[in-house]
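The following paragraphs lead the reader through one protein model, from its overall composition to individual residues. Please keep the sequence and the structure in view while reading.

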Amino acid sequence: MVKNTTKKNKSRAIFKILIQIIVILAAKLAGMSTNLQDWKKYLIIFWSLFSIPFLVMILLFILLSSGKLGYVPTFEDLENPKNNLASEVYSADGVLLGKFYLENRTYVNFDELSTNLVNALIATEDIRFHRHSGVDARGTARVFVRSILLGQNTGGGSTITQQLAKNLYPRDTTYYRWKFRRTLKLGVSKFKEWNTAAKLERNYTKNEIIVMYLNTIPYGHNTYGIKSASKVFFDTSPDSLSVEQSAVLVGLLKAPTRYSPVKNPERSLFRRNIVLGQMRKYDFLSDEEFDSLLVAPIGLNYRVQDHNVGLATYLRQHLDKIMRKKYPERKNYFLYSQFQKDSIEWMVNPLFGWAHKNPKPDGSPYNIYRDGLRIYTTIDSKYQQFAEEAVQEHLSGFLQDEFFKEKERSRTAPYSKDVEPEQVQSMINRSMRNSVRYRRLRNAGISMDSIKRVFNTTIDMTVFTWHGERDTLLSPMDSIIHYKYYLRAAMMAMDPKTGYVRAYVGGPNFKYFKYDHISMGGRQAGSTFKPFLYTLAMQEGYTPCYKVPNVPQTFMDQDSTWTPRSGSKRYEGRMVTLKWGLANSVNNISAWLIKQFPPQTIVDDVIKKMGVKSFIMPVNSLIFGTSDVSLYEMVGAYSTYANKGVYIEPIFVTRIEDKNGNVLTTFQPKQSEAISENTAYLMLSLLKGVVDRGTATRRIRHVYELTSEMGGKTGTTQNHSDGWYMGLTPNLVGGVWVGGDDRSIHFDNMSLGQGASMALPIYGLFMQKVYSDSTRGVLVTDAFEKPPNFNLVIDCPEDIAGAVNTSDVELWEEDFQRP
């Protein structure tokens, strides 16, 4: 103990003598006196100057802790750092369909990182990472001496922890004109980062700091975090990154735009090789490995991450809209009908307004663009791909070309030849007023004359074609007409037993055609409505083989009469079965049936019970599909036939989890018995007749060579403005709609304008693809299950022989027309 005290006293004496010598030398150099009294004065000045930096630091700590120098994160803040996390949308088979985000960021854990990535990061950004506690004194001193005092560019001295602190809690970006004030602000910001870095080191392990840093850093191209960057630039996951891929991504951290492998591949390669050099310098790579990697190309596999691309874009838009809905208030609605519809949805649909119905623990609503939710849908990624391909193949490969040819010499193109030029211009002007460009100009107070000049001024633009995007010169008005030429299409398929929607295609191309024809609006359904009438007939005791006269039926309409017209008179006057009547979509038979049942009964006892919520006018013409309905409603209704008479509401989402994987909500479809099992089976027999001996036979059985047991129904509306096809198999029910942007845009001839030509081929292509993949559960051998003790006759031997027995006969769907 005595020895230690003696050593301390000696050290103090030596230190005191050194200080005295330094002060005396400084005084002499300055030409000052060195007598004892002056020496004491100099000593006081020296210690005062020596103490000032420490006093300033103490003062800074006091001001920081009291919040006088701006926000400094507390330990509680550091335990729950806030970042904008992308919400991810997954298919039922685990495929990432897309994301909702402001910043495309998704968290990963340390064990999901490649060792190559961690090594590249440490070698390049902070080789002493495991030897400091947040602030590297050696690195800071190096920067101070060489960069500030000597003016040399030696790189930054910030550690990974300091960079993380800056990313989590960005600096004040206010710009000051005075250099002194800017320097002072920078010094305070640095001091805050040191303080935050020290706290981070006390709160988290080194591995946690590395993964937090990689999760928060921006990589350019609207990509944040290593998981998104790995996917965007190399279409891989963080745990599979190679050495050279890791070097590219770490190289991006210095300047994401300057070293972007997409925009600046040469600079990116140069920066990558610097990172590889750092890895060799610190023995993360051997000389042989470095030499081989140095000449390797970047190997970029760039995948744009955007709301406009990927699978199920229309469904993702639909989920975005309904999940963020707020509680309906009448003042926010122009139409009372829409307010009423949304109010009902708010009450009965748990997904509608989900973000506001399910608050976070702090009471605030969820934000699907910030909170990192995981939304698990019912979509089958392969079926979704098949459906999107089928829509594209039919529209681009045949139908659109035929439409272009028909309208080539028409003075009212792309509208029907029956429309007057003045009406065409009126509809184009209405489309102009509905455009985003027009609304922005009007909201800015621009006059109508100026707006018209804007819309008629030629500008550079990129437009959609089925042969790829095209850069061209067009006026905004011409672009409206350009897009009017393109036919729209939608398809939805669901599992009739679970209610799970397996495929959802709301239009031909989401980037250019945002309108969702599945759920955003309705169109007339044509003859696809006829099965509802036949359903009531079966339920009331009729059978498929019941015979009725094939003769025109006349109805009283107030003070006038009208007679639904059938397209063919070949078998008129004959007694025919109901099965034959539906198979060939003969209006005479439907008109005979509508006389047996009041329209209101059809609406109440069948249509509404089978899930159609749209308003259906209870008039005699309802069975010709004159009311607007959505494809969503029609697919749900037809699924009732394949589900033994039980209506099951189609659903899109099975569960939603928070960013930590905790289940927030699960979803189950609503079910109700709509019709009896026997009635459903009788209807399946009638709908199978459409495929086997009716309007769908030639294409389904011969063109697309689909041999499985299936039912279906074609539909064509007035003037063939809309083409429909509904298809049923035991485990998958699908519906397709095809038409123009306006109802007056359609084929002028029935051959191409009927549902069998416009819509059915999409279903045929889709089912070909479905049956080619036997791993998804829908097989060619699937068969509809007959109800127990079912003994009714459903095969009608007395049907008209050979009526539709040959594959070279084209049967036209008969549309409802008033004389």
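Among contacts in the protein between residues at least 6 apart in sequence, 70% join residues at least 24 apart. The model is a predicted one. Its secondary structure comes to 30 helices and 23 strands. Of the 819 residues, 49% count as buried. The accessible surface amounts to about 40000 Å², and 53% of this belongs to carbon and sulfur atoms.

Isoleucine 375 stands opposite isoleucine 656 of E18.

Another open sheet of five strands has the order E10-E9-E23-E22-E21, and its pairing is antiparallel. Here the edges are formed by strand E10 (501–505) and strand E21 (711–716), each with a single partner strand, so one side of each is left without a neighbour in the sheet. E22 and strand E23 (residues 732–739) pair in the antiparallel sense over eight bridges. Glycine 727 has glycine 734 in E23 as its bridge partner.

Is threonine 729 buried or exposed? Its relative accessibility is 1%, and threonine 729 therefore counts as buried, since the term applies under 20%. A polar atom of the side chain of threonine 729 lies 2.8 Å from the backbone oxygen of leucine 732. Not counting residues up to four places away in sequence, threonine 729 touches Pro496, Ala642, Glu709, Met710, Tyr763, Met767, Tyr771, Val778 and Phe784.

Side chains of opposite charge can pair when their charged atoms come close. The count of salt bridges comes to 32. One of them joins the side chains of arginine 523 and aspartate 722 at 2.8 Å, N to O. Arginine 523 lies in strand E11 (residues 523–524) and aspartate 722 in strand E22, so the pair ties together parts that are 199 residues apart in sequence. Arginine 523 is buried, with a relative accessible area of 11%, and aspartate 722 is buried at 0%.

The side chains of glutamate 201 and lysine 206 also meet in a salt bridge, at 3.0 Å, N to O. Glutamate 201 is buried, with a relative accessible area of 16%, and lysine 206 counts as buried at 17%. A further salt bridge is that between the side chains of arginine 655 and glutamate 657, at 3.0 Å, N to O. In this pair, arginine 655 is partly exposed, with a relative accessible area of 29%, whereas glutamate 657 is buried at 8%. Elsewhere, salt bridges that share partners join Arg430, Lys484, Arg488, Asp741 and Asp742 into one network.

Note on methods:
Residues numbered from 1 in each chain as written. Predicted model: local features only at pLDDT ≥ 70, side-chain atom pairs only at ≥ 80, totals over all residues. Heavy atoms only, no water. Pairing = 2+ DSSP bridges. Helix = DSSP H or I, 4+ residues; strand = E, 2+ residues; numbered from the N terminus. Buried < 20%, exposed > 50% of the residue type's maximum accessible area, 1.4 Å probe, protein only. Contact = heavy atoms within 4.5 Å. Areas by Shrake-Rupley, 256 points an atom, 1.4 Å probe, with all protein chains shown as cover. Polar contact = N/O pair within 3.5 Å; in protein donor to acceptor, adjacent residues only side chain to side chain. Salt bridge = Lys/Arg side-chain N within 4 Å of Asp/Glu carboxyl O.
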